[in-house]
Amino acid sequence: LTISIMFDEPKPLGFSFENCKRNALLTSRGIVVGAGSGSGSATGPVMRKTGTTIVGVIYKDDVVLGADTRATEGPIVADKNCKKIHYLAPNIYCCGAGTAADTENTTDLISSQLTLHRLTTNKESRVSTACTLLKRMLFNYQGHVSAALVLGGVDVKGPHLYSIHPHGSVDALPYVTMGSGSLAAMAVFEAGYRMDMAEQEAIDLVHR
């Protein structure tokens, strides 16, 4: 059994000045970039706040996880190639939204605990075990660890998909979305999801 993981295509490293050239062109044509509707001038592109979108979907006997790669600090794009799909075990991965440091450290800690558990029991990690460890840790901190997680994996009992909220509550669903873009993503899933999808259909749905 395998887990399919969707990543956005890597973007070029370094600074991008494409918007500077665009803004200069718009200004030369009399369009005020970022102007409000009451400014009396033609309105150009206005800054739009975008955050994380993480999703997961179960198809047949497997799971597909997907996440964007942009890390923001308010209106600033801090990292265009942020890794938001984290390794927990060979058969379990986890998408993280919220504070990047919290999601990284939370998943690293649980991954190490699962490794020790596998070495002790000499058995494959179960997704329910990872879910229990994550929700207990987050509940202990009462939401002060800002980590919203989509946990997916396949074990001896089949595919599993959970959404884990920062305060420790858990939902087990056939498809989940989290992050600031979750409502738009959920609309796409509700329109396109169906039971027993093929692998490529699930990948296309997540990519959409």
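**View 1. Cys-94, a buried cysteine.** At 0% relative accessibility, Cys-94 counts as buried. Buried means under 20% relative accessible area, exposed over 50%, and partly exposed in between, with a 1.4 Å probe and protein chains only. The model is predicted: local features need pLDDT of at least 70, side-chain atom pairs count only at pLDDT 80 or more, and totals for chains, interfaces and linings use all residues. Residues are numbered from 1 along each chain as its sequence is written, and side-chain values use heavy atoms, with hydrogens and water left out. The cysteine sulfur closest to that of Cys-94 belongs to Cys-95. The two sulfurs are 6.7 Å apart, too far for a bond. The structure holds zero disulfides, a disulfide being a pair of cysteine sulfur atoms within 2.5 Å. Cys-82 is buried, with a relative accessible area of 14%.

**View 2. Thr-107 in helix H2.** Thr-107 lies in helix H2. Helices (H or I, at least four residues) and strands (E, at least two) are DSSP runs, numbered from the N terminus. Thr-107 is buried, at 0% relative accessibility. Residues up to four places away in sequence are not counted here; beyond them, Thr-107 touches His-86, Tyr-87, Leu-88 and Cys-94. Contact means heavy atoms within 4.5 Å.

View 3. Five strands form an open sheet in the order E8-E9-E10-E11-E12, with antiparallel pairing. Two strands pair if DSSP finds at least two bridges between them. Strand E8 (85-89) and strand E12 (170-172) stand at the edges. Each has a single partner strand, so one side of each is left without a neighbour in the sheet. From one strand to the next, the twist averages 25 degrees. Helix H2 (residues 100-121) packs on the sheet and touches E8, strand E9 (92-98) and strand E10 (147-155). The direction of H2 makes about 20 degrees with that of E8. Axes are lines fitted to C-alpha atoms, for helices over the stretch in contact, and angles run from 0 to 180 degrees between N-to-C directions. Helix H3 (residues 127-140) lies across E8, E9, E10, E11 and E12. H3 runs at about 165 degrees to E10.

View 4. How many residues of E11 are buried? Six of the seven are, so E11 is largely enclosed by the rest of the structure. Seven bridges join E10 to E11, and these strands run antiparallel. Asp-155 has Gly-158 in E11 as its bridge partner. E10 and E11 form a hairpin, with two residues between them. Three bridges join E11 (residues 158-164) to E12, again with the strands antiparallel. E11 and E12 form a hairpin with five residues between them. In that turn, Gly-168 has a positive phi of about 105 degrees.

**View 5. Tyr-162 on strand E11.** Tyr-162 lies in strand E11 and stands opposite Ala-172 in E12. At 14% relative accessibility, Tyr-162 counts as buried. Tyr-162 and Gly-152 are ten residues apart along the chain, and their C-alpha atoms are separated by 6.4 Å. Leaving aside neighbours within four places in sequence, the contacts of Tyr-162 include Val-127, Ser-128 and Cys-131.

**View 6. Thr-52 in a loop.** Where is Thr-52? Its place is in the loop between strand E3 (42-43) and strand E4 (53-59). Is Thr-52 buried or exposed? Thr-52 is buried, with a relative accessible area of 14%. The side chain of Thr-52 makes a polar contact with the side chain of Lys-84, at 2.8 Å. A polar contact is a pair of N or O atoms within 3.5 Å; within protein, one must be able to donate a hydrogen and the other to accept it, and residues adjacent in sequence count only if both atoms are side-chain atoms. Leaving aside neighbours within four places in sequence, Thr-52 is in contact with Asp-68, Arg-70, Lys-84, Gly-96 and Ala-97, among others. Met-178, Gly-179, Ser-180 and Gly-181 are also contacts of Thr-52.

**View 7. The whole protein, for orientation.** The secondary structure comes to five helices and 13 strands. Of the 208 residues, 38% count as buried. Among contacts between residues at least 6 apart in sequence, 58% join residues at least 24 apart.
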